[in-house]
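Here is a short note for a colleague opening this structure for the first time. Please keep the model on screen while reading the points.

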Amino acid sequence: SLADGKPVSLSPLESQPHSPRYTASSQRDRESLEVRMREVEEENRVLRKQLSLAQGRGPSHHRGNHSKTYSMEEGTGDSESLRAGIVAGNSSECGQQPAVEKCETIHVAIVCAGYNASRDVVTLVKSVLFHRRNPLHFHLIADAIAKQILATLFQTWMVPAVRIDFYDADELKSEVSWIPNKHYSGIYGLMKLVLTKTLPSNLERVIVLDTDITFATDIAELWAVFHKFKGQQVLGLVENQSDWYLGNLWKNHRPWPALGRGYNTGVILLLLDKLRKMKWEQMWRLTAERELMSMLSTSLADQDIFNAVIKQNPFLVYQLPCFWNVQLSDHTRSEQCYRDVSDLKVIHWNSPKKLRVKNKHVEFFRNLYLTFLEYDGNLLRRELFGCPSEADVNSENLQKQLSELDEDDLCYEFRRERFTVHRTHLYFLHYEYEPASDNTDVTLVAQLSMDRLQMLEAICKHWEGPISLALYLSDAEAQQFLRYAQGSEVLMSRHNVGYHIVYKEGQFYPVNLLRNVAMKHISTPYMFLSDIDFLPMYGLYEYLRKSVIQLDLANTKKALIVPAFETLRYRLSFPKSKAELLSMLDMGTLFTFRYHVWTKGHAPTNFAKWRTATTPYRVEWEADFEPYVVVRKDCPEYDRRFVGFGWNKVAHIMELDAQEYEFTVLPNAYMIHMPHAPSFDITKFRSNKQYRICLKTLKEEFQQDMSRHYGFAALKYLTAENNS
């Protein structure tokens with residue numbers, strides 16, 4: 001407003017030279033108006049400075065866990081003033097916000113269901129964490145799948161000053177299942193309507209976000225807007241930027257009732273305490289019931305119902321400036337929400353096309369999104385200065401364990417890796433598998449890094465059963481993997497492969513941690529502990545299921561050995577039977593695994609006996625034995641102290657022997673190791689003397705631990721090692 005108190009509207013249309021309303025006179029008026037506005041802005045700036053000094057001297061007002069203040073800039077909730085803000089630039093300093101306390105907790109609610117939405121939430125959270133300066137409390141309304149994925153992710157992410165609470169979305173289905181919904185979000189797209197009932201009764205306000213949101217600013221700026229709500233305003237929303245609610249997009253297009261263009265619910269500020277007092281639950285239900293009598297179903301899920309309620313009760317809305325929800329669906333007016341990069345606050349990919357949407361600046365938006373998509377999440381584990389984090393038992397235990405290590409120890413980095421908590425994203429892709437009802441099902445377990453990705457398709461062709469894979473990747477590599485998998489017909493046709501991303505951290509390849517992650521997330525009673533470089537024989541899955549019954553694995557402690565062979569040829573005509581394999585062995589096309597470099601690793605399998613064996617036979621443990629085995633899912637984990645190359649499988653087989661597992665060789669099973677370039681870790685082992693010294697030290701410590709744990713029975717491992 002100018003000095004006379006009248007609001008001034010500067011419509012974007014009026015600034016266009018080709019507009020019919022554009023005249024020389026209006027141009028002069030506009031120029032004088034802009035001069036006057038600059039003068040008023042300068043006066044406002046001086047006034048704000050005086051006010052801030054006065055506030056600094058006055059008493060502080062506390063809400064919740066507040067301690068210190070900083071100010072925010074914002075537009076107004078008035079649509080006329082909003083258009084003026086768009087022309088003048090969203091970064092203008094008109095209307096600074098009342099203070100947001102430095103350590104005030106900002107509450108954010110997100111509805112998330114399924115595998116894809118869980119990936120989207122991570123990118124959203126990264127963008128929020130990147131800019132934030134306040135403690136955050138995320139309220140996640142999640143189905144069982146999303147809860148499993150995100151609970152593990154946040155537990156292993158260990159971001160300071162971030163709290164996560166989950167609410168069972170499946171329990172809320174009955175609240176909204178009576179509403180027919182045509183939107184691709186399905187029943188979960190209606191759950192924002194019941195947040196007043198779902199969230200804690202003492203929670204007064206919350207920011208509600210869709211999963212396809214990217215933040216380009218500190219979320220505290222949006223939180224500060226709550227201070228601008230007046231009277232009965234309880235909903236903060238941005239006007240819809242498409243023509244959907246205006247109707248007539250096509251013949252017989254009948255949208256739900258809305259106020260003007262309507263409002264988009266991708267970003268919502270909810271004053272929960274006031275909504276409850278207004279009986280929000282009753283309000284939206286009555287409106288939905290009335291409108292469904294003629295509309296029959298919603299087209300845009302909760303957004304239709306929110307808009308119908310607002311149409312009846314326009315006083316409920318505080319209209320947010322549109323840069324708080326720049327909607328990138330086709331044919332929107334989103335380009336009017338920003339003039340340059342500094343104007344952008346929140347980007348909303350609210351089209352089913354997502355990154356393929358039409359917008360003249362889409363390349364810029366896409367790059368901004370990809371920045372957070374591929375950003376190293378480990379870098380967001382930063383403390384908030386001056387804001388003490390809540391005590392976290394896991395974090396405190398980790399710090400205690402690390403403090404007990406000697407940093408001057410030459411093997412310090414090896415020892416530290418054992419305690420490193422790697423951020424873990426389970427089920428990165430869609431997974432759907434119900435184990436066989438006869439309790440014979442077997443999951444192939446393996447781990448890999450980016451350089452072994454090409455083995456996945458081949459393994460899927462050889463093994464039709466369920467697979468559990470742990471992939472050691474950076475955030476950027478995880479996206480490369482996603483694109484690779486989505487472009488593969490073989491991988492996309494398989495829903496029984498669980499891909500678990502363990503994010504890179506530190507200098508070693510945590511091979512045994514990866515194996516443990518893959519082992520932990522199987523749904524079958526048995527597992528085949530393999531490696532990614534091996535191709536199982538055709539039909540091995542069914543053969544193992546029969547062997548499980550034949551050898552009574554359910555009631556005995558057995559480890560069934562699948563004999564391992566190798567080829568030095570990159571192109572191999574894979575043997576379709578044992579007879580064919582023996583022929584290739586005799587011709588020198590195949591060899592027993594590591595025959596040339598590490599005979600001891602598989603010698604106890606007794607390949608000479610296997611050649612003629614027709615029934616399973618038992619073998620004894622020997623030093624350095626490391627076969628590939630089928631075991632029950634309750635078998636011991638791998639020892640995490642062994643990283644990179646050396647002794648990672650040997651130690652596990654030793655543990656199985658100490659627990660009195662019986663090693664039984666399967667006579668008609670085999671697997672073949674395919675050639676590949678040496679791994680980085682084996683190169684380090686061969687070239688770095690200190691690496692080898694540390695490995696020897698870790699071996700000795702492991703054997704001592706075995707002796708303490710298993711007593712007299714473990715002495716044989718010490719003597720066997722000394723004799724070998």
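1. Two residues are in contact when they have heavy atoms within 4.5 Å. By that rule, take the contacts in the protein with a separation of 6 or more: residues 24 or more positions apart account for 80% of them. Bear in mind that this is a predicted model.

2. Now the overall content. The protein has 724 residues, and 54% of them count as buried. It holds 24 helices and 25 strands. Its accessible surface is about 33,200 Å², with 52% belonging to carbon and sulfur atoms.

3. Which residues touch the most other members of the largest nonpolar core? They are Leu 469, Phe 481, Tyr 499, Phe 528 and Leu 544, and the core numbers 115 residues. Helix 23, residues 689-710, gives the most to this core: seven residues. Another core lies apart from it, with 102 residues, including Trp 244 and Leu 373.

4. Look closely at Leu 469. Beyond its neighbours within four places in sequence, Leu 469 contacts Ala 446, Leu 448 and Leu 456, among others. Its contacts also include Val 497, Gly 498, Tyr 499 and His 500.

5. Three strands form an open sheet in the order 7-12-11, and the pairing is mixed. Strand 7 (213-215) and strand 11 (326-327) are the edge strands, each pairing on one side only.

6. How many bridges join strand 7 to strand 12? There are three, and these two strands run antiparallel. Strand 12 covers residues 346-348. Within strand 12, Ile 347 is the bridge partner of Thr 214. Ile 347 also belongs to the core of 102 residues.

Note on methods. Residues are numbered from 1 along each chain as its sequence is written. This is a predicted model: local features need pLDDT of at least 70, side-chain atom pairs count only at pLDDT 80 or more; totals for chains, interfaces and linings use all residues. Side-chain values use heavy atoms; hydrogens and water are left out. A nonpolar core is a set of buried Ala, Val, Leu, Ile, Met, Phe, Trp, Tyr and Cys residues joined through side-chain atoms within 4.5 Å. Buried means under 20% relative accessible area, exposed over 50%, partly exposed in between (1.4 Å probe, protein chains only). Helices (H or I, at least four residues) and strands (E, at least two) are DSSP runs, numbered from the N terminus. Accessible areas come from the Shrake-Rupley method with a 1.4 Å probe; for residues, only the protein chains shown count as cover. Two strands pair if DSSP finds at least two bridges between them.
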